[in-house]
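Dear colleague,

I am handing over the structure below, and after it you will find notes on what turned up. Please keep the structure open while you read.

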Amino acid sequence: MIHAEGVAEVTDTTFEAEVLGAGLPVLVEFTADWCGPCRQLAPVLSAIAREEAGRLEVVQIDVDRNPGIASRYAVLSMPTLMVFEGGEPVKSMVGARPKRRLLQELEDVLPAAV
């Protein structure tokens with residue numbers, strides 16, 4: 001899996017506890033080794049995970065090794081980014097994007113800065 005530095009990896013087994021049971025909104029990147037745009041997105045996710053710590057958790061899941069969760073949420077394209085809040089998906093985006101655009105798209109799901 002293309003691993004973004006500072007971003008935890010979840011699996012079919014740990015998804016429920018780490019994503020659905022999280023106290024903060026969670027941005028999940030559905031990724032795969034063969035995904036070129038996922039490589040472009042890795043440094044963006046690392047930066048957002050670092051900058052938004054305390055307001056947003058960022059995790060990755062490899063769809064080839066964890067097909068159950070990808071199937072459960074009908075993920076067909078990589079990268080797919082989904083935001084989960086309170087155990088439910090509240091936002092879905094497909095494709096790589098620059099950091100500024102991704103942050104703009106996340107504004108409505110991020111809790112206010114303290």
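The side chains of Arg97 and Glu105 are joined by a polar contact of 2.6 Å, where a polar contact is a pair of N or O atoms within 3.5 Å, and within protein one atom must be able to donate a hydrogen and the other to accept it, while residues adjacent in sequence count only if both atoms are side-chain atoms. This is a predicted model, in which local features need pLDDT of at least 70 and side-chain atom pairs count only at pLDDT 80 or more, whereas totals for chains, interfaces and linings use all residues. Residues are numbered from 1 along each chain as its sequence is written, and side-chain values use heavy atoms, with hydrogens and water left out.

Arg97 lies in the loop between strand E5 (88-94) and H4; helices (H or I, at least four residues) and strands (E, at least two) are DSSP runs, numbered from the N terminus. The side chain of Arg97 also reaches the backbone oxygen of Val94, at 3.3 Å. Is Arg97 buried or exposed? With a relative accessible area of 8%, Arg97 is buried, since buried means under 20% relative accessible area, exposed over 50% and partly exposed in between, using a 1.4 Å probe and protein chains only. Not counting residues up to four places away in sequence, Arg97 touches Leu41, Val44, Leu81, Leu102 and Glu105, where contact means heavy atoms within 4.5 Å.

Next come the two helices. The axes of helix H2 (residues 36-51) and helix H4 (residues 99-106) come within 10 Å and cross at roughly 50°, the axes being lines fitted to C-alpha atoms, for helices over the stretch in contact, with angles running from 0 to 180 degrees between N-to-C directions. H2 and H4 are therefore oblique to each other, because angles under 35 degrees count as roughly parallel, over 145 as roughly antiparallel, 65 to 115 as roughly perpendicular and the rest as oblique. Val44, Leu45, Ala47, Ile48 and Glu51 in H2 meet Lys99, Leu102 and Leu103 in H4.

Gln60, found in strand E3 (residues 57-62), is buried as well, with a relative accessible area of 0%. The side chain of Gln60 reaches the backbone oxygen of Ile2 at 3.0 Å, and a polar atom of that side chain lies 3.1 Å from the backbone nitrogen of Ala4.

Finally, Pro89 in strand E5 counts as partly exposed, at 35% relative accessibility. Leaving aside neighbours within four places in sequence, Pro89 is in contact with Tyr73, Met82, Val83 and Phe84.

Best wishes
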